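Welcome! Please take a moment to look over the protein below, and then we can walk through it together.

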Amino acid sequence: MKKRKIFQIAILANDVGKDGNTLGEGTKARCDCALAQIRTWLCQTPEVGPAQTVVIYIATGKGGRWRGATTFAAAMAEYLRTNLGNEAARCGFVINEGEVQIWSTWSELKWIFSASEDQTTPFPCLMVYEPVRFVTNQIHSRRVRCIREHFLPEYSMGEFVFSNEAPPHRLHEMCAYIKLALYYFGLGPLLEPLRRQFYNG
């Protein structure tokens, strides 16, 4: 029996609209980038009944500036489903619907790696899973690599796919790396309550 190839893609995003209840422009750009990748895969992969050939991972919970009723991951998944239309039936959505505290890149990555491991383990004899591709922007991808190398070295990752969006503000990235340094030296638990109170990035 020929093994079925499964395309895996993860979207890293937590950019929220000004009203706190909609996706921000950066998040939409990353979702649109993922949509293009998914459609390309579906076009070149023969449809086999109702079988899923794409797995989409979205981890972001509640917090930061997001005031929606669902997790941010669920809102992103709804955006993808709406834009995919009937093609959504060929996709499996593995999304964070209950863990509200997942909001940073580090926690997103950890959640996605764990979810991917659970997803790909049960049926290795029937399916071949492509390495998970991560959708983000080019500057953020450097921090993602840094987190994977220094905090989650036991996991491997696929290539990056870069969205068409404005680059993040330098201050945002600077603060993010300072936060990582504090976590690296074990000071993260002291920082997190202050970060959530005064800075939602």
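Here is a short briefing on this chain, going from the overall fold to single residues.

Keep in mind that this is a predicted model. The chain has 201 residues, and 47% of them count as buried. It contains six helices and six strands.

**Overall layout**
- Starting at the N terminus, the order of the elements is β-α-β-α-β-α-β-β-α-β-α-α.
- Among contacts with a separation of 6 or more, 76% are between residues 24 or more positions apart.

- Which residues does isoleucine 56 contact, once neighbours within four places in sequence are left aside? They are Ile9, Ile38, Leu80, Cys91, Gly92, Phe93 and Val94.

**Cysteines**
- A disulfide is a covalent bond between the sulfur atoms of two cysteines.
- The number of disulfides in this model is zero. Cysteine 33, for example, is in no disulfide: the nearest cysteine sulfur belongs to cysteine 31 and is 9.8 Å away.
- Cysteine 33 is buried, with a relative accessible area of 12%. Cysteine 91 is buried too, at 4%.

**Aromatic rings**
- To describe a pair of aromatic rings, we give the distance of the centres and the angle of the planes.
- There are six aromatic pairs in the structure. One of them joins tryptophan 66 and phenylalanine 72 edge-to-face, with 4.9 Å from centre to centre and 70° between the planes.
- Tryptophan 66 counts as buried, at 8% relative accessibility, and phenylalanine 72 is buried with a relative accessible area of 0%.
- Trp66, Phe72 and Trp103 are linked into a cluster by ring pairs.
- A charge also meets a ring here: the charged end of arginine 81 sits over the ring of phenylalanine 93, 4.1 Å from its centre.

**Glutamine 8**
- Look for glutamine 8 in strand β1, which covers residues 4-11.
- Is glutamine 8 buried or exposed? With a relative accessible area of 3%, glutamine 8 is buried.
- The side chain of glutamine 8 has a polar contact of 2.5 Å with the side chain of tyrosine 57.
- Beyond neighbours within four places in sequence, the contacts of glutamine 8 include Val55, Ser116, Tyr129 and Arg133.

**Histidine 140**
- Histidine 140 belongs to helix α4 (residues 138-151) and is buried, with a relative accessible area of 6%.
- The side chain of histidine 140 makes polar contacts with two side chains: that of threonine 105 at 2.8 Å and that of threonine 136 at 2.6 Å.
- Not counting residues up to four places away in sequence, histidine 140 touches Leu12, Arg30 and Thr105.
- Histidine 140 and alanine 176 are 36 residues apart in sequence, and their C-alpha atoms are 10.0 Å apart in space.

Terms used: Residues are numbered from 1 along each chain as its sequence is written. This is a predicted model: local features need pLDDT of at least 70, side-chain atom pairs count only at pLDDT 80 or more; totals for chains, interfaces and linings use all residues. Side-chain values use heavy atoms; hydrogens and water are left out. A disulfide is a pair of cysteine sulfur atoms within 2.5 Å. Buried means under 20% relative accessible area, exposed over 50%, partly exposed in between (1.4 Å probe, protein chains only). Helices (H or I, at least four residues) and strands (E, at least two) are DSSP runs, numbered from the N terminus. A polar contact is a pair of N or O atoms within 3.5 Å; within protein, one must be able to donate a hydrogen and the other to accept it, and residues adjacent in sequence count only if both atoms are side-chain atoms. Contact means heavy atoms within 4.5 Å. Rings of Phe, Tyr and Trp (its six-membered ring) pair if their centres lie within 6.5 Å; planes under 30 degrees apart count as stacked, over 60 as edge-to-face and the rest as tilted. A charge sits over a ring if NZ of Lys or CZ of Arg is within 6 Å of the ring centre and within 35 degrees of the ring normal.
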